[in-house]
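These are my notebook entries on one protein chain. I record what I looked up, with the cut-offs applied.

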Amino acid sequence: MKIIDAHSHIDCITHSLQPDVVGTVCCTTDESQWPVLVDMAKQDSKIYASFGVHPWFVESANSDFDKRLEQLLNLDSNYMVGEIGLDKYKPNMDKQIDVFMKQFDVAVKLNRTVCLHCVGAWDKILHILKQYKESSLPIIVAHAFNTNDRVLQQLLRYDNILFSFNKIDVYGRKCCIADIPNNKILVESDGNIDSDLIKIVQLISDIKNDTDMPNIIYKNTQGVIKNG
Ligand SMILES: [Zn+2]
C-alpha cells in the first residue's frame, strides 16, 4: 500500500516512521516555522511543504506576514498554504478571520492548495468562499474533517474541496465518509506520532466497501500536492 499523509506537522514526519507512507504534507503553525520547513523540504523530497499561520497562533502574525508568505510561495510552485483557518473555541475570532482571509487571498492569487483547519466555523468559511468566483478557488483540504450533514452538503457542491480524515474522525463519522465521493477522500496523521495510516485507509475501504480505495486515496493526495 502507498499512502501520502495529507496533513502533518514539522515534529512528526510520518514517512520516516511507516514504510507504506511515501510522503507527508507538512504544515506550519506560525511564521517561525517557515524557514525550518524550507530546509526540511529541501533535504527530503518526500516532504510537501505548506506554509501559513494557524488560527491558534494568529497573535504571532506580524504585520506584512501575508507579503512574506507570498514571497516565500513564489520560491517554489509546489509550496502550499496552511495550516490556516478558523476555530470557534479559540480567542480573537476577528483577528482569526483577518489572518485567514489574507492568507486565503494569497492562495487564490497563486492557485495553491490550502490546508484548512475549521472547528465550529463552517458557516463563516462558506460565507468567505462565496466572495470568490468558484472557478478561481484553489484546491482546499478540509483537515480532520468533522461537521454536520447540512454543512457537508454545501461543501460537496465545490469540486475542489477534499476531506481528510484521521483515526478519530473515521470512527466517529462513518455516515459522513459514506456520503463523500471517493475522489474527495484523503487520510492524515494530524501530526500524531502513533497514527496508523494503513488502518485508517482500511477502515475507509470497509466503510466504502471498495478494495480500490487505497489506490484512489493515494491518487487523490497526488492531485492535491501537484496543484502548484
Ligand atoms: Zn494540523
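Entry 1, Val-141. I listed the contacts of Val-141, leaving aside neighbours within four places in sequence, and found Ala-6, His-7, Thr-113, Val-114, Cys-115, Leu-116, Leu-162, Ser-164, Leu-186 and Val-224. I count two residues as in contact if their C-beta atoms, placed from the backbone, lie within 7 Å. I note that the model is predicted, so local features need pLDDT of at least 70 and side-chain atom pairs count only at pLDDT 80 or more, while totals for chains, interfaces and linings use all residues. Residues are numbered from 1 along each chain as its sequence is written.

I then looked up the largest nonpolar core, which has 57 residues; Val-114, Val-141, Ala-142, Leu-186 and Val-187 touch the most other members. Such a core is a set of buried Ala, Val, Leu, Ile, Met, Phe, Trp, Tyr and Cys residues joined through C-beta atoms within 7 Å. I call a residue buried if 20 or more other C-beta atoms lie within 10 Å of its own, exposed if 12 or fewer, and partly exposed in between, with C-beta atoms placed from the backbone. The largest share of this core, 5 residues, comes from helix α3 (residues 93-110). Helices (H or I, at least four residues) and strands (E, at least two) are DSSP runs, numbered from the N terminus.

Which residues of α3 are buried? I found Gln-96, Val-99, Phe-100, Gln-103, Phe-104, Val-106 and Ala-107. They lie on the same side of α3, because they cover an arc of only 155° around the axis, the arc being that of the directions from the helix axis to the C-beta atoms. On the other side of α3, Asp-94 and Lys-109 are exposed. The buried residues pack against α2 (65-73), β4 (80-87), β5 (114-119) and α4 (122-129).

I looked up strand β7 (residues 161-165) and found 5 of its 5 residues buried. Ile-161, Phe-163 and Phe-165 point one way from β7, and Leu-162 and Ser-164 the other way. Strand β6 (residues 140-142) pairs with β7 in the parallel sense over 3 bridges; a pairing requires at least two bridges found by DSSP. Opposite Phe-163 in β7 stands Ala-142.

I located His-9 in strand β1 (residues 3-9). His-9 counts as buried because it has 21 C-beta neighbours inside 10 Å. Beyond four places in sequence, His-9 touches Cys-26, Cys-27, Thr-29 and Gly-191.

Most residues other than glycine have a negative phi, and most peptide bonds are trans. Asn-111 lies in the loop between α3 and β5 and counts as partly exposed because it has 13 C-beta neighbours inside 10 Å. I also noted Asp-190, with phi near 55°, in the loop between β8 (185-187) and α8 (197-208). Asp-190 is buried, with 22 other C-beta atoms within 10 Å. The peptide bond from Gly-82 to Glu-83 is cis, with omega near 10°, and Glu-83 is found in strand β4.

I recorded 9 helices and 8 strands. Of the 228 residues, 41% count as buried.
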